[in-house]
Every structure is written in C-alpha cells, then in structure tokens.
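Here are my notes on this model. Please read them beside the coordinates.

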Amino acid sequence: MIIQSLQLENFRQFYGVQTLGFATSDRQNVTLVHGFNGAGKTALLNAFTWCLFGQTSDDFDAPDAIENETAFLELSPGASMTVRVRMHFKSRSDTYIVERTQKITRQPNNMPLRSGPELELLMQKLQETGPTHVNPSARQQIINRILPPNLWKFFFFNGERMEWLAKPAAYEDVETGLKSLLDIEVLERSVNHLRGGVAKQLSNDLKGFADADLNEAIDKLEKLKTTADQYTARELELGKNIAALNTEKQTLMQRQAELQVTRELAIRRHGLEEVQDGLLGQLKERTKEVAAIVSRDGFLAFAADDLAATEQLVTAARERGELPAKIKPQFVQDLLDQNLCICGRPLGPDHPDEVHKLEAWRKDVGLAEYEEAISQTSSDVVALKNRRELYFSRLDDLQAKRAEIQKQLRMNNEELSEVKSKLGDPAHGDEAASLAHRIAQLDNDIAFALADEMKLRDDISENAEAQESVEKQIHALKIKDAKGELIRRQRETVQKLADVLQNIFEIQREDVRKDLNTRIARIWGDAAVKDYEASLTPQFRLSLTKRVGGVLQEVQGASTGEKQVLALSFIGSLVDKARDKITSGGIQGASGLPSGGLYPLIMDSPFGSLEDDYRAKVAEWIPKLSPQVIIMVSNSQWRQEVENAVRPRVGREYILELHTAKKEMRKSIWINGDEFPYVVLSPDGSEKTVLQEVK
Amino acid sequence: MTEATEKKVELLQELSETERKLLSAILKIELDNLHLTKPHVVNDMIAAVRDHIK
C-alpha cells in the first residue's frame, strides 16, 4: 500500500477542501508535515484511519465530532454539510480511491446531528480502462484485506505514545498483528473452525448411527472440549491480567523514581532488583549444571559397594593364581599341533608321557576370555572410581557455588525488603506510602495469578490427555452401518487435518518470531546507545535484555525513549518482513494465499520524547524503515540533527498553517533558509488550518 | 529450502491426495471468509468434507 494523496473536506481543523500529495520515490520517500501544537497533526494522522476503517486512535479527543467548527457555524439551522476524507493509494498492481463521508446537519437548537458515515470505494485494476465501483457490501472487506484493521496501529501512530508496544500488556496486540500481517491467522482460524463447529456437527451426525457406548463416548468428548474451551478462555484472561498487573506495577515504580522523596530509594531498589535477577539467573544456570551432572553420573553415588565387590573378585582371582595365567593356552595348543616339546625336541608315540602332560596343561591353563574380561573389568573399576571421585568433587564445587549464590540472594533480599519498607515509610508522604502499599499488593496478586496459571496449564494438559483417550475409544468402537462408518471417517479426517494445520501454524509462528527477532536485533543494534539486546520472546513480548555475569536478564525500568526505540525497531522489522514476503512468497503463497505487502509508516511526533543520544540515530534510520514514510513534527522537535538526517530523503513537504484569532500567537518557521508563516492571525477570527506545500 | 519449510512439506506429504485437496479447499474457504462480518465458514467446510470424503 503506497499512498498517493489524501483529500480532506471540513475534517476537524481543515476547513474546506485541502489536498496533500505524498512522496513516493525510492530515494526521496519521506513526506514531512510541520505543524504547531493544535494545528492538526493528530487530526491528520486520524484522517487516514477514519477514512480506511472509520476508526480513530485512543488519544484523539471527541472522536465523534470530526466536523470543522467554522464550517459548521456557517450553516444556517436545518442546513447540512459533508465531512469527507478521500484517499488515493496503490496496492500491488491495483489503484484505489477510498472515500468516507459523514453528513452533519445543524439542528434548530444549533446542535449537530450526525449521520453515517458512508464508505465509497473505487477500484482500478492494472491495464483496465477506468475505475469501477465496488459493491457496498464488499468495500470494507477489500480494504481489510489490503490492510487488516488490527494492524493500522502499527503503521499509523503517535510517536510519543508508541512505547505501549514495549509494555507487557501489548503482547496480545503484537501476536495478533503478526498473525494477520504474515498470513498465519488463516491457519489458526481454520484449526479453530475444524476442531469447533465442523467436528461438533460431524459428531452429532455420528450419534445418529451410534450405540450406547459410542454415544456416551461422544458426549464425554464434547464435555471435555467445552471444559477445554473454558480453560483456554481462562488462560487468556489470566495472561491479560498478569500483563496488566505488571504494567501497573512498572508505572507505579516509575512514579516512585520520579518523586523527590523516594527517588534515591527507588534507584537503590532498582539496583538491588537487577542484582537479584542476576543472582537468580546464575542460580538457575548452576542448578541446570547440577541436574546435567547428576543425570550423567548420578549412578556412581550408589556404586561404591559394587565397585568394592568387583575389586575383591579380581584380587581373589589373583590370589588363587588364576590371574595372570602362567602359560597362555594358545602356546600349549601350538606345541601340540606341531608335535614339539617345550624344550624343542619332537614329540610322538615314543613320548606318551610328555604328550599327556601337555594335554593336561592345556586343561589347566587359564581361559583367555576370562582373563581378558577380568583385566578389562579391573581397569574399568579404576576408571569408574576416578570418575566417581571427580563427580563428587564437581558436585561439591557446584553446591558450594549455589550455596554462595543463595547466601548473596538472602542478603540482597534482606536489603531489598528493607528498601521496600523504607519506600512505604509514611514520613515520605501519602503518595509515596500509597504507591508502596499498592506495589506490595500487586506483588501478591502477581504471585497468586502465576500460581493459578501453572495450575491451569496442568488442567489443560490433563484435559488434552483425556480427549486423546476418548478419541481412541471412539475409533475402536464398532459401527455396523456404512453411512455411520463414513461419518466417522470424515470426522477422523477433519481431526487429522486440524492436527496438521496446527503443526504448520506452530512451525510458521516460531519461524516468523525467530526471523523477526533477528531483524529487531539488527535494527535495534543500529540505534542502541546502551549494550542491551532487543528481542521478541516466545510469548511475543518485546523485551530488552542485558548480560550480567554471563547470564541474560531482562532490563528493568528502561526509559520511555528506549521503549520507543524498541517499538520502532519492531515496527521496522515488521515492515521489512512484510516487504520481503511479498517477493519471496512462501508455503502459503504457493497455496494461493496472499503474502506480505508494502506498508507506509505514518508517524506523529516520532522524535518527541527521545533522549538526545537516540534522536539523531532514529532520524537516520526512520526513512529506511519503510518504502513510504510520512512524518508530522512541531518546530521544537525538528532539531538540527534530525534535519540533517532526514532532509536528503524528503520528497514532499507541507506546513499546517494555523490561523488563529490571537494576535500575540504569530509565528514563523525557517525551512531550507526561507521563512514561512507558521501561526498567522485569522482575518475573520475563525480558527482553522491551511495546508501550504513547501516548494 | 529452510528447515521450517522442510518440516511443513513433510507434514503435507504424510497426507493422501484426497486429504491434501480437502485441506486446500478448507484453507480457501477460510481465506474467502477471513474478513467477512457474517461468515458461513463451518457450513462451507462441512460441505467440502462431505464432498471430498465419500
């Protein structure tokens, strides 16, 4: 999706009809829109989403009142006006014109009466003569296919609020968005339909041909499935709850760090928590090492008696003279075969006594296999005894390390508890005390919720085993009727296909996550100031980690700016992946499903709350994130380092010229050495914004 | 071919020709209805199952 132009008619600050054209070239892909506070940057951002989906962002005040106030006040009572946003864009080889309108009538009491909105869509296929109207019922569907509605917040966003993506509660949005964008949603939905409605219908059909046993098994299975659905819903709810609790906790902790009276303690707590995480990580590593050693050599701990008994056997054999054998059996056999005495004289019928003696020796000499086995056992016993000693020594070493870590953990915990208690000291004031109290409550709630989650996972696992067992029972029961047998076969095929799709979904999901992980790490690495690593966890949470003592641990209390850069890295990786996918296809592509696409990035104030260290770097890589970038900035955000980085990529540039009645508000803006009006005095006293293109 | 693609191909190869055709039909139904507000996915899928497994 590459946007060619956007036309606004009486939409919020934009009076009358005003049009913006956007940069679409490869080298100059950035469209820059300058605007004073209140000039309509957020309104412009929301014009895109309102046009496409009839939706606006959470920070868009009074979302229903989209009409321009001046235009409305010009209406005489009973008269109507139209608010319209029209967008012209290209997607793959087709071009589209989307238009959303809303009729506003001024009622006799001067209040607005709003109807609609209505959606119009013109579509032109490549090489066709002209645009064609799309059937009303299919319009939104076509737009949703080009840009799934749950994805727009990844591409059209307020840069100052985008750190929400890096919050624990965002994992669901992140995962859902990824599934939509990368075409794996269709797999998951197919599985749900097959295992849900389709399987249920076929089970009901089968009951018509079933005996009592089969009916009972089918009923049992349905009950188990219903319970499983309840478990899944509960698991989802618990996950959301835990994420929300963590988000609230982080926000409150941030507030503690902002309060003058608790700042120092909050920083101390932050340091102690980092130490605690590091120690817990080290303890986990050592415990894993202990488990590995015990699993490999643990049997040696109980082998002392066996090793001693074996040694005794070998010693006894030696004492009896069985070991080592005095004469090797092969030597005696060779003498007999060659008819030679041990002294070299020939043997024969003349020397029956010597022959007899040799034959007797052959019986008496030790058995080669026996000797070899004993010799091998003897050396094995030595090796095992050494290994046993090494095992105990390594185990002692690791246990000592674990004990040391545990000791440090105890000390750290004691200090942490003390700091937490001080944070809640009423002497610090009501707000500090209430923050500490609430954080302690949240800690408890999180612990309980995690315990519930663990228990629920056990229940889910048991339920799955029970379902499998009943399925086997259904498969084994006899059905006399051929029609019933056919339904059972259909039902089992559905189940088999659902399992295959589920497996493909899991593989695809993990593949996508790993791929995005690599891209996020690369993009983050370009901008990161600190030695943190960015990743997408298996739970689809954006995470910042760092290495402490060789162990990776999550960064606690990352700054807003860092979270914004992390969120931008994720969005950039998403756009990058979607762009790659459109060219590479993949297994879904091969099966006829569409893959990936080009997406624009439309950002309001992306540099607003970034620290100095990040601003220049982010400005440098934002134009590279997507084939089309539209940036809205205020003059204060458009700093020299941002200008230097972005300017070479700017293809179109606009000023949202704010017309105001306040005389003292007049301002101008300097662009490329020229001065332009920025805030001007409105001659008729009306507040409005006029788009001016900078040529 | 990536490891993930190999695994997916292996899974598909374990299916019979009929099962593969049914799978394609199911995915097509799902895709056609992905963004519809009133989908008839389940009924369409059952019809496809009956059509393929006779």
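1. Start with the helix pair. In chain A, the axes of α7 (residues 212-258) and α8 (residues 260-297) approach within 5 Å and cross at roughly 125°. That makes α7(A) oblique to α8(A), because angles under 35 degrees count as roughly parallel, over 145 as roughly antiparallel, 65 to 115 as roughly perpendicular and the rest as oblique. Axes are lines fitted to C-alpha atoms, for helices over the stretch in contact, with angles from 0 to 180 degrees between N-to-C directions. Helices are DSSP runs (H or I, at least four residues), and strands are E runs of at least two, numbered from the N terminus.

2. Model basis. This is a predicted model: local features need pLDDT of at least 70 and side-chain atom pairs 80 or more, while totals for chains, interfaces and linings use all residues. Residues count from 1 along each chain as written, chains are lettered from A and ligands numbered from 1 in written order, and side-chain values use heavy atoms, without hydrogens or water.

3. Contact residues. Met253(A), Gln256(A), Ala257(A) and Glu258(A) of α7(A) meet residues of α8(A), including Arg263(A) and Glu273(A). Contact means heavy atoms within 4.5 Å.

4. Salt bridges. Glu285(A) and Lys288(A) pair through their side chains at 3.8 Å, N to O. Both sit in α8 of chain A, three residues apart, about one turn of the helix. The whole structure holds 44 salt bridges over all chains. The criterion is a side-chain nitrogen of Lys or Arg within 4 Å of a carboxyl oxygen of Asp or Glu.

5. Backbone check. Ala62(A) has a positive phi of about 45° without being a glycine. Ala62(A) lies in the loop between α1 (41-53) and α2 (69-73) of chain A. Asn110(A), also not a glycine, has a positive phi of about 70°.
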